[in-house]
Amino acid sequence: MKQLITLEINNRVYEIPVDPKDLLVDVVRKKVALTGTKKGCGQGDCGACTVLIDGEPVLSCITLAIACQGKKITTIEGLVAEDGKLHPIQQSFVDHGAVQCGFCTPGMILSSKSLLDKNSRPSEEEIKRGIAGNICRCTGYKRIVAAISAAGETISSEGVK
Amino acid sequence: MNKPNYTQVGRSVPRIDGPLKVKGEAIYTDDMVLPRMAYGKIKRSPYAHAIIKKIDYSKALELPGVIAVITGEDGPNKWGIVPQTANEVALAVGKVRFWGEGVAAVAAIDEETAEAALDLIEVEYEPLPVLLDPQESMQRANEVRIHEDAPENILHAGEQLFGDPDKAFAECTYVLEKEFHTSYVNHAFLEPHTALASFDTPSGQLQMWSSTQVPHYLHRQLSIVLEMPMNKIRVTLPAIGGAFGGKGEASPADFCAALLSRKIGRPVKVTYERSEVFATNKGRHPCHMKMKIGLDQDGYIQAIDFDNTLDGGAYAGWGIVVMFYTASMIHLPYKVPNARARVRRVYTNKPTCGAMRGLGGVQPRYAMECMLDEMAEMVGISPYELKMKNAVESGYLSVSNLHVPHTEYKKCLQTAVEKSGYLEKHGKLPFGKGIGLAGGYYISGTAYTLYQAYKPHTTVLIRVDTEGGVTVHCAAADIGQGCNTVMAQMAAEELGIRYEDVHVVSGDTETGTFDLGSFASRLTYASGVAIKDAAAQINQKLKEVAAGMVGCRADQLEIKDGRFYSKFEPKKAIEWEKVVDVYTNAVGTLVGIGHFSPPRLKGIDLTRGKRVQGANIGHSPTFGFSCQIWEVDVDLETGKIRVAKVTEAGDCGQAVNPMSVDGQVEGSIMFAMGQALYEEMRLDAEGKMINASLHDYKVPTAMELPEIDTTIVDSYDPTAPFGVKESGEGPVQPTIPAITNAVYDAIGVRFTDLPITPEKVLRALKEKQALNSECSGS
């Protein structure tokens, strides 16, 4: 039985018919067509499907869409500024060579954003913990850690959110 | 030869696909939806070895929303990346040979319906005995045969003999013989295989979008399985979410999507679950190796004897190639005057092994670098000294005819040793702490296509006009390694413009010109040659126009920084765009087309019988080299190995994009560390994989990231375009032995099977303790 639910994604409200068992990742990708959220394992293991719910990183492939009503969902598409400029974390990932195949990148950036929103000057250890649930098989993480650290500096000096 | 003064090559520029990827706007195959698109799912075998007695899918067809079901009979032609050993089918015909092999596929209006339909397909099996160990498989071949045409359960066996190793061993002062076993590992790229096929019934044209790293070989295989001419098939690559060899063959997803699409005349998309990625595997071959090395009294290698049994799993795949690579890889990066290799690749009822980053090199490198470490101790010198003594030099020709035009391997060893303080630390750290060194090398492309052909391996077409600017066309596959960016840099360098002004059209068999694919670390070298060739034609034509515009002879013109200028009177100059404008107005669009064919090595004469042993596998236009030094802390209570620091120095020739090279090296280090310490696919006694998820199959996370210090050593191969070599696969070679050697330095135990888990460490420490107390007691 489908039911109509309301989801607030990237500051826009969507009315979506869903099945109670529909997963957030599928609703976001297939019904809202925000395909930046990736599905790497479908079991909550790899982190590619990470989105932010009320600012906290959540694995959308093991989250029911109906459970997200009334909450603020942020996907990777919600990070670019209104003038098209990249968010400092996105820019930093590009500049530091923290992107290779790009499949882990959206989830990785959202985990980083949640981390930096709380603490824009995290230690290396805190950064590693912040992205411990996001697997990257290409980069070896070193450049990702550097990109997050540098983005944190930009954010704290420029006051960007 | 001095390095030319490059402006675009050697620049650490951001990848051209970076912004789209960080915005989440890069389109991967599973992100695509076409009008009328159906969803395909594959029914998989719960048995590792069984005869298919009957498949009844009538109930599935009755389910509302199901459009079609296919089985092996709908596309029974055998395919395989190596045509001589092609023995795979889109879906099993008559028999399944591994757990998870596809037996039927469904197309339905949505994924849920397709999934539900799978449960309604009834398959009757007659289970057969399951062979999971290659030794057992060979021994029981009379009784259980996996393939009818392989009576010994062996895909192929080979023997290579160079010089007289037996005589050499007899004269050696130091001889060591050991066995090594490597584990069953998967690429674990993040994007599961996806294929989207759209067959247009009226025109008979098939459009494929696929997450592949070999658009050309996929194109050929589709043509074979579908019995369609290649010119009616177009393969297009959307963004690819990693591959590492795992997308280096066609996958059943491709064939099922294409067969279903043709059957129902609408687009069909097949996306694998993670468990299906494991079930279809094509990861690294577990190798059971015996290696014997002999040194003379001064520590120079005199002979190597190598015996390798490769556990190939159910089908052929890249198997024969991997097998001969393991034989070839013992000939470098050290001078080996006498060598014998006996290798065999055995069928077992496991998901098939195939190509994986550093194919064929990682396993023998593990054995060889660990043994040389041990032999240095026998000789009484440091492993560094032993390796420096034996390291190859530029111009070296191995007994197996591998020609090394250029190497800075010794510089790699020196740099890593100096930067890590290896000599001050090795053998001197407290118990539990250790430092280990290993070297390695890899090919920068292959000498031959996988099927008999002499055509160029890469073609690049560069188009220049006032509308599109500069566009580089090549059907190369950017799978995340960054070849599009590197091709733009090389084209810009040669044309005298900026890389930001070059467009790259790749990953498409129709709009891109021919390329074999992304494997064997071939693309930078191959596309570099073709780009130089194409650009030279463009430069010549533009110079003829520019000469008239600036008032000098065409052969006196140079092009740099977007300007044509006279090399004798640099003030005589004109902007590059103005020349293009004049040329386009007068003649129209300008194109240059360049080709790359690998150099044929002198001295190898196939017609007069000077045949190269090993099917010519291992030859490459040039080779990359590297050294890694790992520092580890072994927790004596838990057995856990913590990596403190990695120091790497690599010879990748001229780095086109140093930031990208560093990314390849760092990625390689963490990738291979997974195999050394954590990763292993495990099967139960019936052959069912028990850890086919990223929860149970442990790949390194950021928490395992050690301090990594990499150096791109100064290098320039004068025989290579822009002096380049490879950096994508060489750096995985030294990792496993360097860690193993570091663990030995820490606790005095040499591990000869992988991964080195805490359980193995604790067991070894206990045995060592027991032995010590026995010795002190006696």
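Which domains is chain B divided into? I looked this up to start. Chain B has domain 1 (18-24 + 455-596), domain 2 (32-128 + 187-280) and domain 3 (287-447 + 614-771). I note here that the model is predicted.

**Entry: domains 2 and 3 of chain B**

I took the centres next. The C-alpha centres of domain 2 and domain 3 of chain B lie 36 Å apart. Then I checked the contact between these two domains. Domain 2 of chain B puts in 25 residues, and domain 3 of chain B puts in 28 residues. I sorted the domain 2 side by class. It holds ten nonpolar, eleven polar and four charged residues.

**Entry: the fold of chain A**

I turned to chain A. I found five helices and five strands there. Reading from the N terminus, I wrote the order down as β-β-α-β-β-β-α-α-α-α.

The C-alpha atoms of chain A fill roughly 45 × 30 × 25 Å along the principal axes. Of the 161 residues in chain A, 55% are buried. I then looked at contacts in chain A between residues at least 6 apart in sequence. Among these, 59% join residues at least 24 apart.

**Entry: Thr63(A)**

Thr63(A) sits in the loop between strand S4 (56-59) and strand S5 (72-74) of chain A. Why does Thr63(A) count as partly exposed? I found 19 C-beta neighbours inside 10 Å of Thr63(A). A buried residue needs 20 or more, and an exposed one has 12 or fewer, so a count in between means partly exposed.

I listed its contacts, leaving aside neighbours within four places in sequence. Thr63(A) touches Leu23(A), Leu24(A), Val58(A) and Cys68(A). I also took one distance. Gln100(A) is 37 residues from Thr63(A) in sequence, and their C-alpha atoms are 27 Å apart in space.

**Entry: where chain A meets chain B**

How many residues does each chain bring to the contact? I found 40 residues from chain A and 43 residues from chain B. On the chain A side, helix H2 (88-95), helix H3 (105-118) and helix H5 (142-158) each supply at least two residues. H2(A) gives the most to that side, with four residues. The chain A side has 20 nonpolar, 13 polar and seven charged residues.

Technical notes: Residues numbered from 1 in each chain as written. Chains lettered and ligands numbered in written order. Predicted model: local features only at pLDDT ≥ 70, side-chain atom pairs only at ≥ 80, totals over all residues. Contact = placed C-beta atoms within 7 Å. Nonpolar A, V, L, I, M, F, W, Y, C, P; charged D, E, K, R; others polar. Domains from an automatic or database assignment.
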